[in-house]
Amino acid sequence: MRPQTSIQLFTIKDALESDLGGALAKVAARGFSAVEAYDFVLRVEQIAKALAAENLAAPSGHAFLASKSFVNPDGSGTSVSVPMPEEVFAAAEVLGMSLVIDPYTEPGRWGSLAQIAETADLLNAAAQLGATRGIRVGYHNHAHELEVTYGGRTGLEVFTDFLEEDVVLEVDLYWVTRAGVDPVALLQRLGNRVVAVHAKDGTLDADSIRRYPPTDQVPAGRGAVKIAEAISAAPALELAVVEFDHFAGDVFDAIEQSRLFLEREGA
């Protein structure tokens, strides 16, 4: 069964902040029927109303479950407290989500097996809580989980050894590739654990990837990431989520181009 195409709303964060309803109307006009929400707990009623107005579903969302605060991936910014898991799942239920994905844990937490196991334990505990509302828990990677290895296996793969079977993965294909790992082979090894991917592409230009956010990202199918092949390698895939960390051009054109690529490729 082909995965559902969605869009991570962080991609259009500036438009959302200025006009939530108008931004979601543009998403729907570009052919999307599903979104992946972020930062949804404190504005859940507004998001629910805006999604309903455009007939958009939110099968998944990003929320921190294994961290008490957040600092940007480049280490910048002030640590900001995040909602507790109970609040996250209550809001997710209002939005009709069946999957809440932890989007990020800092690189320092991947320096030892004990630290990786601790993060897994936190997600396992969150998954038990989410299950009471019929909501699954997942984890989304960046590059650092792939850049560390233990016994020849990436940190992300070792991480799965400590996860309960009902905790799943959303693999960001761009960040996997940025880490120097073949996303096709990785998804083959991870098998049924992967239920979602971020179908994110980039040129991997050496100068562009040193910036934060990286400035090399392009519509799906136009860069160096093996998106179509990776999607075909994931046997249990439910969601193919379009995302850009940064795009200098018309981001709504870019998300539509990505959606069309995924549909042409059978995603």
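Okay, let's start with helix H7, where Gly155, Leu156, Glu157, Val158, Phe159 and Thr160 are all buried. Keep in mind that this is a predicted model. H7 runs over residues 155-162, and with six of its eight residues buried, the helix is largely enclosed by the rest of the structure.

How many aromatic pairs does the structure hold? There are six. Let me walk you through two of them.

The pair at the other end of my list is Phe10 with Tyr38: edge-to-face, 5.6 Å from centre to centre, with 85° between the planes. Where do these two sit in the chain? Phe10 is in the loop between strand S1 (4-8) and helix H1 (13-18), while Tyr38 belongs to strand S2, so we have a link between distant parts of the chain, 28 residues apart. Buried or exposed? For Tyr38, the relative accessibility is 14%, and it counts as buried because the cut-off is under 20%. Phe10, on the other hand, comes out at 28% relative accessible area, which makes it partly exposed.

Now back to H7. Phe159 pairs with Trp110: the ring centres are 5.1 Å apart and the planes are at 65°, so this one is edge-to-face. Trp110 comes from the loop between strand S6 (99-102) and helix H5 (113-131), and Phe159 from helix H7, so the pair ties together parts that are 49 residues apart in sequence. Both Trp110 and Phe159 are buried.

Lys13 lies over the face of Phe10, 4.5 Å from the ring centre. Over Tyr38 it's Arg43, whose charged end sits 5.3 Å from the centre of the ring.

Last stop, still in strand S2 (residues 34-38): Glu36. This glutamate is buried and has no salt bridge. How far away is the nearest side chain of opposite charge? That's Lys200, at 9.2 Å.

Technical notes: Residues numbered from 1 in each chain as written. Predicted model: local features only at pLDDT ≥ 70, side-chain atom pairs only at ≥ 80, totals over all residues. Heavy atoms only, no water. Helix = DSSP H or I, 4+ residues; strand = E, 2+ residues; numbered from the N terminus. Buried < 20%, exposed > 50% of the residue type's maximum accessible area, 1.4 Å probe, protein only. Lys, Arg positive; Asp, Glu negative; His and termini not counted. Salt bridge = Lys/Arg side-chain N within 4 Å of Asp/Glu carboxyl O. Phe/Tyr/Trp six-rings, centres within 6.5 Å; stacked < 30°, edge-to-face > 60°. Lys NZ or Arg CZ within 6 Å of the ring centre and 35° of its normal.
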